[in-house]
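Please keep the 3D view open as you read.

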Amino acid sequence: MKQEKLAWLAKNPFFTKRFGYWVGRHCRTSTIKDVAKECRLDWKTVKDLEKSYMQEQLDTTPEVSPSVIGIDEISVSKGHEYRIVVSDLELGKPIWFGGEDRSEASMDVFYQQLGEEKCRKIRLIVMDMWKAFEASAEKNAPGADILYDKFHLIRHLGEELDHIRKSEYRRLAGIDRKYIKGTKWVLLSNRENLSQEGQASLAMLMKANKRLQKAYLLKESFGQLWNYHSEKWARKFFDNWKNSLRWQKLKPFEDFAKMVERHWSGIAAHCKPENKVPLGFVEGLNNKIRVIQRRAYGIRDKEYLRLKILTCMLPEL
């Protein structure tokens, strides 16, 4: 018995490829439930059609040989279960999603799948200050520069500023407290992004609490570090910033300065002109993944999540 294959049939022989593509395109912007309702199909059938569509997207995408990659981890379920996402920052798309956790062994899997030849072509690796990622990079791509994501560093600084805000709230009482309550996002936001009401609240807080005023100005001034094109001048700026903490009694900022000192090489790498890459892509991708996870809430198919993430930046078929 001979079975003939028809090019216009989808993997599921009850549907045409054209219909499968239509379902796949609509699932990029709608939930499986909504598409299933519109097509009067079972949601599992729609999910299988979308998976076939996404797999074909990957199959028709040329293999990449990245030179600049970004590494980050995402939480896939409660209980600290993580997966690693690797992106090509020059092409602006995720290229690998996997691992069992965020350990060095899980990170090694990416480099092993990429191959030694392509690993040698990587010149820059952007990551947060997670030791497992750094150890794996140094082992598998020793010729690459390591660059710490400045958004993670700024987030650490913001957290230390919030610790100071909380300690001031606990220290004070009565009317002095009211200026601090509810000002977390006013202190953490960039001044130019504040509304008129937010700017008024910030000005009032600066007048009412000198300790928070000093901490806020130090937080704002630290952003100048990313403007330097010379490691020498960047180091001079940081030393001056660190010295300005003396006698200020800002212990959280002193701890932050020690952390920067320990990771200085990956921070100073920002000064090299060839390392000026779009770092915002990694954070933007994380936001996109969170939207995907919300839209796929209740679906426990790990392969489905992998396909959704790897194809979220690819063009439609």
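## The largest pocket

A pocket here is an open set of points on a 1 Å grid over the protein atoms alone, with protein on both sides within 12 Å along at least five of seven lines. Its volume is the space filled by probe spheres set on the points. Please bear in mind that this is a predicted model.

With that in hand, the largest pocket comes to about 710 Å³. It is lined by 23 residues, and the ones closest to its centre are Val76, Ser77, Ile299, Arg300 and Leu305. Which elements give two or more residues to this lining? They are the strands β1, β2 and β3 and the helices α15 and α16. The largest share belongs to α16, with five residues.

The volume of the largest cavity is about 60 Å³. Its lining consists of Cys27, Ser30, Thr31, Ile32, Glu50, Ile292, Arg295, Ala296, Ile299, Tyr304 and Lys308. Here α15 and α16 turn up again, each supplying at least two of the lining residues. Ile299 is worth a look in the viewer: it is among the residues closest to the centre of the largest pocket, and it also lines the largest cavity.

## Helix α15

Helix α15 runs over residues 280–295, 16 residues in total. From first C-alpha to last it reaches 23 Å, close to the 22 Å expected at 1.5 Å a residue. Its buried residues are Phe281, Val282, Leu285, Asn286, Ile289 and Ile292. Seen down the axis of α15, these buried residues fall within an arc of 140°, so they line one face of the helix.

What covers that face? The cover of the buried residues of α15 includes β1 (68–77), β2 (81–88), β3 (93–98) and α16 (302–311). Ile292 has a part in two of these descriptions, being buried in α15 and lining the largest cavity.

In soluble globular proteins, nonpolar side chains tend to be buried together. In this model, the largest nonpolar core has 56 residues, and those with the most contacts inside it are Ile71, Tyr111, Ile125, Phe222, Trp241 and Phe253. Apart from it lies another core of 20 residues, among them Ile74, Val277, Val282 and Ile309.

Leaving aside neighbours within four places in sequence, Phe222 is in contact with Leu153, Leu157, Phe237, Phe238, Trp241, Phe256 and Val260.

## Helix α13

At 1.5 Å a residue, the 12 residues of α13 should span 16 Å, and its end C-alpha atoms are 17 Å apart, which agrees. Pro252, Phe253, Phe256, Ala257, Met259 and Val260 are the buried residues of α13. They cover an arc of only 160° around the axis, which puts them on the same side of the helix. On the other side of α13, Lys258 and Arg262 are exposed.

The buried residues of α13 are covered by elements including α7, α11 (210–222), α12 and α14 (264–268). Two of these buried residues, Phe256 and Val260, are also contacts of Phe222.

Ser136 sits in helix α6, residues 131–140. Is it buried or exposed? Its relative accessibility is 0%, so Ser136 counts as buried. Beyond its neighbours within four places in sequence, Ser136 is in contact with Glu104, Met107, Asp108, Tyr111 and Ala141.

Lys150 belongs to helix α7, residues 150–171, and is partly exposed, with a relative accessible area of 24%. Leaving aside neighbours within four places in sequence, Lys150 is in contact with Trp226, His270 and Leu279. Lys150 and Val126 are 24 residues apart in sequence, and their C-alpha atoms are 9.5 Å apart in space.

## Two positive phi angles

Most residues other than glycine have a negative phi. Arg40, although not a glycine, has a positive phi of about 60°. Arg40 is found in the loop between α2 (32–39) and α3 (43–59), and is exposed, with a relative accessible area of 78%.

Trp247 likewise has a positive phi, near 65°. Its place is in the loop between α12 (231–243) and α13 (251–262). Trp247 is exposed, at 83% relative accessible area.

Definitions and conventions:
Residues are numbered from 1 along each chain as its sequence is written. This is a predicted model: local features need pLDDT of at least 70, side-chain atom pairs count only at pLDDT 80 or more; totals for chains, interfaces and linings use all residues. Side-chain values use heavy atoms; hydrogens and water are left out. A nonpolar core is a set of buried Ala, Val, Leu, Ile, Met, Phe, Trp, Tyr and Cys residues joined through side-chain atoms within 4.5 Å. Buried means under 20% relative accessible area, exposed over 50%, partly exposed in between (1.4 Å probe, protein chains only). Contact means heavy atoms within 4.5 Å. Helices (H or I, at least four residues) and strands (E, at least two) are DSSP runs, numbered from the N terminus. The expected span of a helix is 1.5 Å times one less than its number of residues. The arc is that of the directions from the helix axis to the C-beta atoms. On a 1 Å grid over the protein atoms alone, a cavity is a set of points where a 1.4 Å probe fits but cannot get out, and a pocket is an open set with protein on both sides within 12 Å along at least five of seven lines; lining residues have an atom within 4 Å of a point.
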